[in-house]
Amino acid sequence: MNKHEAPISLASLHTSTRHDSGPKHVTGTAEYIDDMIEPAGTMHAYLALSTRAHAEIVAIDYAAVRSAPGVIGVLTAEDIPGENDVSPSHKHDEPIFAIGKVHFWGQPLFAVIAETRDLARRAAHLAKVEYRDLPYATDIRAAQAAGGQLVTEPLKLERGDIEAGLSAAPRRVKGSFEIGGQDHFYLEGQISMAVPGEDEDVTIFASTQHPSEVQLMVAAVLGIRQHAVTINVRRMGGGFGGKETQGNLFAAVAALAAKKWNRTCKIRPDRDDDMTATGKRHDFVVDYDVGYDDTGKIHAVDAVYAARAGFSSDLSGPVTDRALFHADNAYWYPAVRVRSEPLYTNTVSNTAFRGFGGPQGMLAAERWIEDIAYALGKDPLEIRKANFYGTHTDNVTPYHQTVEDNIVHRVVDELEASSDYQARRAAIIKYNAGSPILKKGIALTPVKFGISFTATWYNQAGALVHVYKDGSIHLSHGGTEMGQGLHIKVAQVLADAFGVGLDSVKIMATSTGKVPNTSATAASSGSDLNGMAAWDAAEQIKTRLLAHAARLYNADAGDCHWVQGGMQVGRKFVPFAELVASAYLNRVQLSAAGFYETPKIHWDRATGRGRPFYYFAYGASASEVTIDTLTGEYVVDRVDILHDVGKSLNPAIDIGQIEGGFIQGMGWLTTEELVWDDKGQLRTKAPSTYKIPLASDVPPIFNVKLAEWSINAEPTIGRSKAVGEPPLMLAMSVVEALSMAVASVADYRVAPRLDTPVTPERVLMGCERMKGARG
Amino acid sequence: MTEVSGAIRFILNDEEISLSDVKPDATLLDWLRLERRLRGSKEGCAEGDCGACTVLVGRLMGDEIIYDSVTACIRFVGSLHGTHVVTVEHLRGKEGHLHPVQQAMVDEHGSQCGFCTPGFVMSLYGLWMRDPDPSQAAIEKALQGNLCRCTGYAPIIRAGKAMSSYGRPEGDPLWAERIALKGKIKAINDGKRVEIGEGAARIIVPASLDDFAAVYEAHPDATIVNGSTDVGLWVTKFMRAIGPVIFIGHLQELKRIAENDSEVRIYAGVSYSEALPVIAATFPDMAELWNRIAGEQIRNMGTIGGNIANGSPIGDTPPPFIVLGAKLHLRRGEHRREIKLEDYFLAYGKQDRQPGEFVESVTIPLLPAGEKFACYKISKRREEDISALCGAFRVFVSDAGMVGMARIAFGGMAATPKRAKAVEAALVGKAWTIETVEAAMAAFAEDYQPISDMRASAEYRLLTAQNLLRRFFLETTGQGQRLKREVA
């Protein structure tokens with residue numbers, strides 16, 4: 001077995017073990033940062049936010065703030081000993097506190113430090129800020145009209161002769177597609193608590209997906225070295241990408257105050273301020289020109305993906321890159337040219353969100369599939385199938401990676417059969433003919449999602465495993481737990497590797513002091529990377545223990561075998577705890593740092609060529625909806641899903657990711673609408689105005705299955721596949737089903753071209769357009 | 001002379017609490033988390049919409065303790081006098097094991113990040129106690145005020161279906177202890193007025209309805225807090241000072257519903273949940289709307305009186321009540337007056353209510369036989385959402401097919417809940433036909449010039465209002481089709 005070949009074996013792996021924190025969650029004893037007992041003298045910080053979309057700051061008068069009850073002080077840019085910057089792209093374009101100018105409504109100006117959070121929050125509103133307004137552009141079209149300033153370098157992917165492909169195609173379709181953004185709406189908002197230590201030390205409890213980056217940022221802000229900063233993360237109350245970079249600023253403010261006053265400082269914004277001041281999923285406008293033929297086969301795709309990046313680069317470069325990487329979804333384009341436009345706008349800087357641009361890229365692909373289908377009078381599923389990547393030919397992506405593990409045909413065929421798609425579609429067409437007001441639609445869409453960070457160096461991970469003298473095991477790895485079940489999966493890997501029960505493995509809070517230089521828990525990579533690193537650590541200890549057993553029992557190494565519960569040495573069974581105890585007495589090291597780097601991947605952004613993805617995850621969903629053509633309201637009646645997670649490490653956890661990802665994706669595409677007013681202020685900034693799905697939005701029939709036959713073609717941990725992000729995109733079928741229902745108003749002759757989110761208003765206006773088209 | 005005591009007294013889990021130093025705007029959630037260090041209840045939104053802070057509040061109704069799920073983030077401590085507050089820390093199963101509801105959640109993988117979980121557990125616990133074998137529809141309804149961002153709800157619904165297989169309410173400590181609890185709660189409800197603090201820090205919990213009328217007349221500057229579903233946000237979102245405050249949510253006399261052959265009278269303290277059975281029986285066409293107002297916790301807290309009294313342009317009860325010809329009963333001290341509900345709403349933020357005067361009740365005449373009535377709520381998300389628009393329709397069509405009377409009112413279309421008098425005029429005296437309806441639809445633009453905001457555009461509001469008239473016509477003539485979500 002080579003180093004990367006994990007076992008498919010023992011007891012713990014591939015079982016539906018429950019989330020390790022489940023009993024603590026349900027009793028309210030799982031500790032989040034705001035639940036921790038604060039050290040005596042803990043201060044509270046609150047941010048003051050700008051109330052202009054773009055303006056020069058003429059003056060700020062803090063007098064009323066400083067004299068407010070309970071105020072300890074005001075923290076401004078002048079109090080920052082190091083850099084006033086938390087830009088994760090290291091472009092130095094994201095100040096903690098605005099200096100000279102504000103670039104969006106809600107940009108932090110300063111922080112109030114007070115004895116209680118309530119007093120800090122009240123005082124934060126008391127500053128008198130004088131602005132001189134500047135022109136602003138808050139959305140994509142306005143930004144393009146204002147000159148199209150970009151926050152980072154755009155990307156172009158190109159393969160084949162696009163001009164020839166387009167001009168030779170028998171048919172052409174051009175269009176423009178608006179895809180809305182999305183707020184993460186993690187239930188636990190942003191929060192950090194910083195505890196000052198001796199010398200330059202500071203320890204921060206942060207709700208972050210990326211402890212190592214918080215460490216780096218805080219060190220730079222304080223002007224100290226990274227070894228003085230320790231970041232601890234026990235768990236997050238949800239992340240979804242919203243805590244990949246967006247926690248940096250809060251941790252930095254807490255750390256600044258903690259060091260300045262030498263007291264612990266906690267910062268937690270109100271939900272409204274959290275939603276106003278932190279980044280979201282990018283909204284996109286995709287302008288496309290597609291050439292195809294009478295059979296529905298695509299000949300060429302030329303498209304520009306313009307995104308609202310916000311005022312700074314943040315992760316907009318890699319997010320828009322990933323949109324282009326998924327411009328193909330599961331479809332082969334003989335000739336293709338796709339370009340990104342990460343636009344500067346006077347809005348909060350948009351950031352990572354489950355799928356990371358991929359969903360927007362794929363949604364646009366489904367849009368032109370649909371355009372083609374309605375133009376040809378065919379079922380969109382027929383067009384989809386006609387354009388799937390081949391398994392041996394027609395299998396090169398726009399970024400010149402060959403798709404080697406294509407299983408989309410089998411996934412789609414099986415779902416088409418199990419969901420009874422064809423019969424239901426026929427029944428729906430019949431129903432619509434006799435139903436004047438209510439109309440139904442059905443759609444089946446595929447997902448192919450590339451797994452690996454496209455920043456190749458992020459594809460590494462570490463773990464630290466200690467075995468104690470009683471055989472109990474201490475597990476630390478670089479990943480963070482945000483609810484996705486990463487910790488239990490890695491614990492399963494470790495228990496499986498040692499052949500011990502899960503109760504022997506204690507999962508530790510993630511700490512930069514335990515595992516250094518980690519990557520964000522993001523890109524669905526958590527269990528792929530950290531599971532392998534933990535396995536590597538276990539293998540090192542096991543190798544030493546095996547050698548020790550051979551010595552101790554005077555046996556050949558070949559006669560020593562790991563079995564469940566311990567080691568078989570010849571005919572003698574040595575329980576794990578006994579083996580470990582004797583190893584200690586014989587001075588065998590019982591601790592190891594494991595490491596993993598993903599093999600095979602490489603990517604050259606300048607040429608747009610490489611193998612950015614180790615493998616692909618696949619899935620498909622079929623959704624059925626009913627719309628009301630008088631009001632635009634609708635119900636998602638039934639959803640069937642077949643999803644590929646390779647050989648599942650934990651089927652229950654994976655099903656949870658699929659159900660949750662689908663519903664989250666459905667929210668993004670249906671009711672979750674972000675609305676900025678004409679002054680650039682976000683108006684949908686709390687659950688009263690921003691509507692994520694409810695229990696009563698879950699489809700009454702919701703069949704979710706794993707493609708149990710699937711095994712990762714690459715030797716990943718347990719031959720599993722990543723599951724965090726791909727299921728979100730299964731929700732695309734809801735959009736297409738709504739589209740079919742709307743199209744029925746004009747006899748399916750015109751593509752409705754519904755922008756997203758497809759709110760009831762958009763459905764109604766779509767029906768009105770269809771009535772117009774019908775004449 | 002009303003006797004006065006100086007402490008807010010209630011039971012927290014199994015501990016008797018007496019607080020003589022409470023601020024008018026102190027919320028239950030902050031008190032639990034910061035003062036009592038009970039940190040199982042979480043703050044997710046501080047506006048009563050996410051349910052992460054859900055606790056149960058038990059109160060005496062007749063001789064029983066009724067437990068309602070409520071959102072602690074916008075419930076004031078001063079409103080808890082004479083109640084039993086149950087937090088997630090109080091749930092316990094036999095021999096220290098998990099409670100049946102908790103065990104079901106764990107076994108069904110109902111938590112992921114876990115932050116919303118205590119709130120879901122409390123909502124399911126409240127449901128389990130009153131309906132241990134709930135339908136999926138009942139589970140979904142009980143969870144309408146709880147947001148989960150991780151699971152997609154499916155495993156939580158499965159837990160709701162499974163929870164009774166782990167144990168039934170008869171074995172629950174709250175059931176076993178109810179007699180002792182009742183005694184304690186009765187002892188607190190001693191008929192005394194509670195007064196704490198001075199000036200803007202003053203809290204008054206009146207002893208009775210008459211006491212409230214007298215107190216409010218004497219302190220017309222006070223804020224009346226009933227269910228706190230609106231005033232709660234003044235504090236948590238706008239940091240407004242609300243003191244002095246008079247808490248009235250406990251007044252039994254304001255929880256009355258009186259019915260006779262011609263009308264239903266609902267007193268101002270009746271919550272949406274409490275009104276539902278009567279509304280559903282008396283005005284079945286209003287039941288769907290009723291179940292779509294807010295989430296379960298807010299329906300348990302929010303009152304009909306508050307929905308009317310605060311004069312919101314998007315309140316959901318005024319449009320149907322207006323078309324039914326509701327009368328509003330206002331009271332100041334011992335002086336009472338009655339006005340038509342539609343005359344109460346003068347302008348945005350301005351109502352026909354004098355200093356010291358309060359809404360005591362609303363009388364809704366029954367729908368005369370032969371008349372047609374419907375109401376429709378339109379929102380971006382079907383449940384737990386504020387209306388983009390909410391319309392109510394009523395017509396009388398003669399045997400000859402002529403419209404003898406038409407009343408139409410909308411919320412969300414103007415600065416107040418408002419009649420569509422031009423549309424009504426375009427219908428009255430005409431034959432009740434699609435031609436008449438289509439001709440009348442244009443008149444909506446005379447009645448309403450709606451705004452565009454984050455809930456909907458002006459165009460959508462106007463077009464949908466027109467289409468709802470069409471729907472009303474179709475439904476009254478046997479051609480209706482209405483969207484339904486079919487669950488078991």
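View 1. Strands (E, at least two residues) and helices (H or I, at least four) are DSSP runs, numbered from the N terminus. Strand β2 (residues 55-61) of chain A runs antiparallel to β6(A) and is joined to it by 6 bridges; two strands pair if DSSP finds at least two bridges between them. One such bridge sets A:Ala55 against A:Asp133 of β6(A). The model is predicted, so local features need pLDDT of at least 70 and side-chain atom pairs count only at pLDDT 80 or more, whereas totals for chains, interfaces and linings use all residues. Residues are numbered from 1 along each chain as its sequence is written, while chains are lettered from A and ligands numbered from 1 in the order in which they are written.

**View 2. Domains 1 and 3 of chain A.** The domain assignment, which is automatic or taken from a database, gives chain A domain 1 (22-30 + 460-597), domain 2 (43-135 + 190-268) and domain 3 (284-454 + 605-770). The C-alpha centres of domain 1 and domain 3 of chain A are 39 Å apart. Between these two domains of chain A, 17 residues of domain 1 are in contact with 18 residues of domain 3, contact being defined by C-beta atoms, placed from the backbone, that lie within 7 Å. On the side of domain 1 of chain A that touches domain 3 of chain A, α14 (486-498) and α15 (526-552) of chain A each supply at least two residues. Helix α15(A) gives the most to that side, with 6 residues.

**View 3. The largest nonpolar core.** A nonpolar core is a set of buried Ala, Val, Leu, Ile, Met, Phe, Trp, Tyr and Cys residues joined through C-beta atoms within 7 Å. The largest one has 359 residues, and those with the most contacts inside it include A:Ala45, A:Val112, A:Val253 and A:Leu738. Helix α7 (residues 248-261) of chain A gives the most to this core, with 10 residues. Leaving aside residues up to four places away in sequence, A:Ala45 touches, among others, A:Leu75, A:Val112, A:Val253 and A:Ile267. Another core, of 44 residues, lies apart from the largest one and has A:Ala497, A:Met532, A:Ala534 and A:Ala583 among its members.

**View 4. The surroundings of A:Val467.** A:Val467 is found in strand β17 (residues 460-467) of chain A. With 29 C-beta neighbours inside 10 Å, A:Val467 counts as buried. Not counting residues up to four places away in sequence, A:Val467 touches A:Ile473, A:Ile541, A:Val580 and A:Leu590.

**View 5. The side of chain B that touches chain A.** In this view, 63 residues of chain B are in contact with 64 residues of chain A. Helices α2 (100-107), α3 (117-130), α5 (154-162) and α19 of chain B give two or more residues each to the side of chain B that touches chain A. The largest share of that side, 6 residues, comes from α19(B).

View 6. The buried residues of helix α17 (residues 434-441) of chain B are B:Val437, B:Ala440 and B:Met441. Seen down the axis of α17(B), these residues fall within an arc of 105 degrees, so they line one face of the helix; the arc is that of the directions from the helix axis to the C-beta atoms. Their cover includes α16 (421-427), α18 (444-447) and α19 (458-476) of chain B. In the open sheet of 4 strands, the order is β18-β19-β20-β21 (chain B), with antiparallel pairing. β18 (371-378) and β21 (418-419) of chain B stand at the edges with a single partner strand each, so one side of each is left without a neighbour in the sheet. β18(B) pairs with strand β19 (residues 389-397) of chain B over 8 bridges, and B:Phe373 stands opposite B:Arg394 in β19(B).

Notes:
Buried ≥ 20, exposed ≤ 12 C-beta atoms within 10 Å, placed from the backbone.
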